[in-house]
Amino acid sequence: MMCIPPPNVTGSLHLGHALTNAIQDCLTRWHRMRGETTLWNPGCDHAGIATQVVVEKKLMRERGLSRHDLGRDQFIQEVWKWKNEKGDRIYHQLKKLGSSLDWDRACFTMDPKLSNAVQEAFIRLHEDGVIYRSKRLVNWSCTLNSAISDIEVDKKELTGRTLLPVPGYKDKVEFGVLISFSYKIEGSDEEVIVATTRIETMLGDSAVAVHPADPRYQNLKGKMVLHPFCDRMMPIVFDEFVDINFGTGAVKITPAHDRNDYELGNRHNLAFINILDENGLLINVPAPFLGMKRFEARKAVLQALKDRGQFKESRDNPMVVPVCSRSKDIVEPLLKPQWYVNCADMGKQAADSVREGRLKIIPDHHHKTWFNWLDNIRDWCISRQLWWGHRIPAYFVTVNDPSVTPGEDMDGHYWVSGRTEEDARDKAAKRFNVSTDKVTLRQGKIFSQMMIIYSGMEYFAQGFLFTSCVTDEDVLDTWFSSGIFPFSIFGWPNETQDLSVFYPGSLLETGHDILFFWVARMVMMGLKLTGKLPFKEVYLHAVVRDAHGRKMSKSLGNVIDPLDVITGISVEGLYSQLQDSNLDPVEVEKAKQGQQSDYPTGIPECGTDALRFALCAYTSQGRDINMDVNRILGYRNFCNKLWNAVKFAMRTLGGNFVPSEKAQLCGEESVSDRWILSRLCSAVGLCNAGFQAYDFPAITTAIYNFWLYELCAIYLESVKPVFSRAEEDSGSQSQAEVCRQTLFTCLETGLRLLAPVMPFVGEELYQRLPRRRSQDDCSSIHVTPYPEIEVFCWHSEDVDRKMEFVMTVVRTIRSLRADYNLTKTRADCYLQCIDSETMSLVEQYSLQIQTLSLSQTIQPVPATGAVPEGCAVAIASDRCTVHLMLRGLIDLEKEMAKLTMKKGELEKTMDKLRKKMDKSDYKEKVPVKVQDLDTEKLRQSQTELEKATEAIDNFKTMV
């Protein structure tokens with residue numbers, strides 16, 4: 001059992017999805033063909049932030065309305081409407097990729113079944129004290145008015161002063177600048193200089209910190225500094241966190257707006273002064289800054305410091321700016337009461353499951369990352385200030401009893417969770433030791449009753465507004481519902497038959513980039529809520545990059561839609577996609593240049609199977625995959641080769657061919673038959689071993705080599721004379737029939753080998769083959785047995801070794817023919833053998849050598865035997881020397897003249913290259929890439945020169 005990493009309902013396929021689904025589908029089809037009970041469960045994630053943003057933009061674009069204009073209830077109805085219309089788009093795309101998911105089980109994380117599981121998970125964890133409420137710093141998007149997770153924060157690296165666009169601001173905002181200013185020491189003329197890249201946050205400063213060992217500030221112990229814009233006196237604190245060597249060694253401390261300062265503020269019991277509201281407007285600050293937008297205040301504060309004479313300097317400063325991936329807003333650390341999951345114990349259990357071998361992570365080089373994160377895990381903020389998502393099933397309690405002190409929002413003691421309002425009221429009454437009639441739960445207007453009707457792939461939402469007891473306004477982080485996905489899809493917390501049969505799953509396959517955000521959380525929550533690991537193995541594939549190794553980015557124009565690779569797209573089509581994106585005009589032009597460079601004529605049509613095959617073959621590159629469309633095109637040519645091979649083979653088999661009852665040796669096979677069957681068995685073994693070890697390049701290499709280099713290039717060519725003789729001589733019919741049975745076994749088994757990787761080509765070609773009687777009821781190749789080495793057990797190292805020697809001889813003859821330009825002319829070939837064993841081998845395989853090397857005749861010659869004059873000579877191995885008869889086949893004087901001219905051209909080219917490379921400034925001025933090309937060109941020219949000289953000398957002996 002394997003569940004899909006649920007793609008976002010807003011999403012469209014990218015190559016990361018394509019890689020994930022190619023690998024998962026291959027594994028699913030392989031297990032299914034082996035006769036195992038197999039479930040690959042589809043699902044889609046409600047994608048809280050992404051979906052809300054998409055629908056908000058749609059409303060503004062089409063109706064000029066914000067979600068606040070509609071209100072929460074009507075907005076949620078709009079989201080459901082959008083989901084019903086557009087939400088299954090990615091499923092259609094997955095089907096185009098050939099994903100053989102159990103589509104009847106398709107689920108959505110906001111389905112009633114999954115929503116019930118989410119509610120139950122929260123309540124159980126809250127009751128156990130694992131979920132709690134606390135006021136801490138969170139990643140805050142002012143545009144979204146919500147906390148966001150770390151994965152939704154892009155880290156934009158700046159080398160210095162940079163102007164960036166920020167939503168809500170007409171002009172770009174300055175970043176990457178370090179501003180120094182001074183604070184006056186109370187009661188003296190002294191001052192202390194501090195620096196910051198966020199000058200507006202000085203309005204929320206509550207201290208200055210220095211290192212305890214810094215000799216420059218020992219005289220300031222116990223002193224205070226005066227804030228220039230208010231009457232606030234701020235202590236100078238001593239803390240080892242401060243870096244003595246950075247700047248002046250003095251640091252401004254803003255506990256409410258910086259993570260490091262937050263920790264320091266707690267250690268020294270400093271004031272936490274929040275200067276930003278949820279929209280990024282300044283609060284708790286003096287005039288004229290009160291109510292200003294945060295980045296307008298940046299300029300105003302700087303000017304005010306200059307006016308007071310406390311500004312010191314401004315200089316470029318490399319830095320990382322946190323950007324919200326959804327809204328492109330600058331993320332602010334903001335103090336907010338939120339719901340958290342205590343991850344300490346769960347993290348330890350998840351780490352120990354790998355340490356103790358109960359959970360296997362493949363490749364194991366990810367262990368270090370796994371342990372590093374889980375051994376140092378922080379508590380997980382799970383609340384989001386959104387409207388779309390799972391409402392947190394928690395109620396704020398007010399008790400109408402003088403013995404109970406009124407609580408505050410951030411105090412978790414005054415929050416209860418409950419499956420119903422009655423359940424929550426009973427819990428509150430028990431907690432505060434009062435009767436239920438004295439308990440009031442927070443009231444408000446909500447979408448309090450929603451009936452979700454499921455019909456096929458559509459969902460309908462109906463609701464009514466009224467004043468009632470309501471849960472927390474916040475919704476849960478999308479990763480919370482994703483974390484319980486492996487068991488919520490089977491009806492947990494109910495003990496369903498599906499849950500008992502399919503949970504725990506066998507495998508999780510996903511990208512290593514979500515190892516923490518999804519994989520670790522599934523393991524933690526699975527162990528906590530079910531007592532079981534959600535799967536036994538985790539296979540982490542690489543991250544897809546472009547052909548140059550760059551991260552896929554819309555602004556670079558290198559994001560590839562797999563459907564464009566499958567069906568092809570013109571460069572104009574790529575441009576039009578950019579115009580429909582959210583990129584600004586400058587980024588669109590930059591992306592166009594990238595597309596023009598990489599795809600000057602667009603992306604050619606490659607087909608689904610070529611894309612899948614390429615993605616599986618690419619996983620050998622380690623952590624990152626550099627995806628080159630030209631290589632995918634190469635695999636499309638491989639698909640064509642498969643088609644032509646089967647087409648030729650069907651003509652060879654004939655319309656009356658009847659396959660034998662089963663694949664087996666009859667004892668009459670020729671040396672070619674025995675060899676190709678041995679290679680087939682080897683491919684069977686390699687493919688099965690590759691699937692078991694998740695070594696997909698081994699699988700694709702075995703399939704590619706067998707079909708292209710062994711079956712097509714060698715066997716089909718070597719048996720053509722057998723079928724030709726059978727047409728002329730009835731006595732050769734029996735040998736031809738053995739060849740046909742061998743050919744059929746190779747075709748039928750070879751197609752079954754590649755079917756999990758290339759399902760469309762495999763199916764199409766399989767339907768054209770006749771059936772063995774044992775497989776008459778197999779309507780599809782995907783329900784036939786996958787070939788196993790127990791059946792295909794004819795691998796022979798001896799046969800392989802002999803054929804490898806034969807092919808070495810063939811390649812040597814072909815090389816000689818190419819050297820002397822014998823493109824169509826067949827020459828006699830004398831093979832001088834070192835011993836009788838080699839003589840016997842050459843005699844046994846003479847027909848194969850003659851056919852594959854396009855020779856007129858093959859004549860074995862003993863070591864002491866004489867070879868006719870007029871031959872070109874090459875050594876095939878220490879056992880055999882090739883003598884190719886040229887006399888009478890070529891015009892010696894004409895060939896010598898051509899070679900002499902070529903030799904002269906090569907010498908000129910080499911002389912020119914050497915002069916260029918010998919220049920004193922060559923190494924400094926010429927790019928390394930060009931130097932490498934020059935070196936390679938010189939090497940190739942030297943090789944060609946040696947061959948030409950050798951050929952001329954050989955011709956001289958023949959004249």
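User: Which residues does Ser488 touch, not counting those up to four places away in sequence?

Analyst: With those neighbours set aside, Ser488 touches Lys113, Leu114 and Ala117, where contact means heavy atoms within 4.5 Å. This is a predicted model: local features need pLDDT of at least 70, side-chain atom pairs count only at pLDDT 80 or more, and totals for chains, interfaces and linings use all residues. Residues are numbered from 1 along each chain as its sequence is written, and side-chain values use heavy atoms, with hydrogens and water left out.

User: Why is Ser488 called buried?

Analyst: The relative accessible area of Ser488 is 1%. Buried means under 20%, exposed over 50%, and partly exposed in between, with a 1.4 Å probe and protein chains only. Ser488 therefore counts as buried.

User: What places Ser488 in a helix?

Analyst: Ser488 belongs to helix α13, residues 485-488. Helices are DSSP runs of H or I with at least four residues, strands are runs of E with at least two, and both are numbered from the N terminus. The chain has 31 helices and 35 strands.

User: What lies in the loop between α13 and α14?

Analyst: Pro493 is found there, with α14 covering 497-502. The peptide bond from Trp492 to Pro493 is cis, with omega near 15°. Another cis bond joins Ile362 and Pro363, where omega is about -5°. Pro363 sits in the loop between β19 (360-362) and α10. Most peptide bonds are trans, and most residues other than glycine have a negative phi.

User: What makes the angle between α10 and α15 roughly perpendicular?

Analyst: Helix α10 (residues 367-375) packs against α15 at an angle of about 70°, with the axes 11 Å apart. Axes are lines fitted to C-alpha atoms, for helices over the stretch in contact, and angles run from 0 to 180 degrees between N-to-C directions. Under 35 degrees is roughly parallel, over 145 roughly antiparallel, 65 to 115 roughly perpendicular, and the rest oblique. So α10 is roughly perpendicular to α15.

User: Which residues make that contact between α10 and α15?

Analyst: From α10 come Thr369, Trp370, Trp373 and Leu374, and from α15 come Leu515, Phe516, Val519, Ala520, Val523 and Met524. They divide into nine nonpolar, one polar and no charged. Here Ala, Val, Leu, Ile, Met, Phe, Trp, Tyr, Cys and Pro count as nonpolar, Asp, Glu, Lys and Arg as charged, and the others, Gly among them, as polar.

User: How do you know that α6 and α15 are roughly perpendicular?

Analyst: The axes of helix α6 (residues 112-127) and helix α15 (residues 515-530) cross at roughly 75° and come within 11 Å. The two helices are therefore roughly perpendicular to each other. The contact is made by Ala121, Arg124 and Leu125 of α6 and Met525, Lys528 and Leu529 of α15. Four of these residues are nonpolar, none polar and two charged.

User: Why is α15 described as mostly covered?

Analyst: In α15, 13 of its 16 residues are buried. One of the residues in α15 is Val523, which has a relative accessible area of 0% and is therefore buried. Beyond four places in sequence, Val523 touches Ala350, Ser353, Leu359, Trp370, Leu533, Pro534 and Phe535. After α15 comes Gly531, with a positive phi near 75°.

User: Why is Asn269 called exposed, and how is Lys328 classed?

Analyst: Asn269 has a relative accessible area of 72%, so it is exposed. Lys328, at 47%, counts as partly exposed. Neither is a glycine, yet phi is positive: about 55° for Asn269 and about 65° for Lys328. Asn269 is in the loop between α7 (259-268) and α8 (294-308), and Lys328 in the loop between β17 (319-324) and β18 (332-341).

User: What makes a group of residues the largest nonpolar core?

Analyst: A nonpolar core is a set of buried Ala, Val, Leu, Ile, Met, Phe, Trp, Tyr and Cys residues joined through side-chain atoms within 4.5 Å. The largest has 155 residues, and Phe696, Trp707, Leu831 and Ile849 have the most contacts inside it. Helix α22 (residues 696-718) supplies the largest share of this core, 12 residues. A second, separate core of 73 residues includes Val130, Phe396, Leu508 and Val538.
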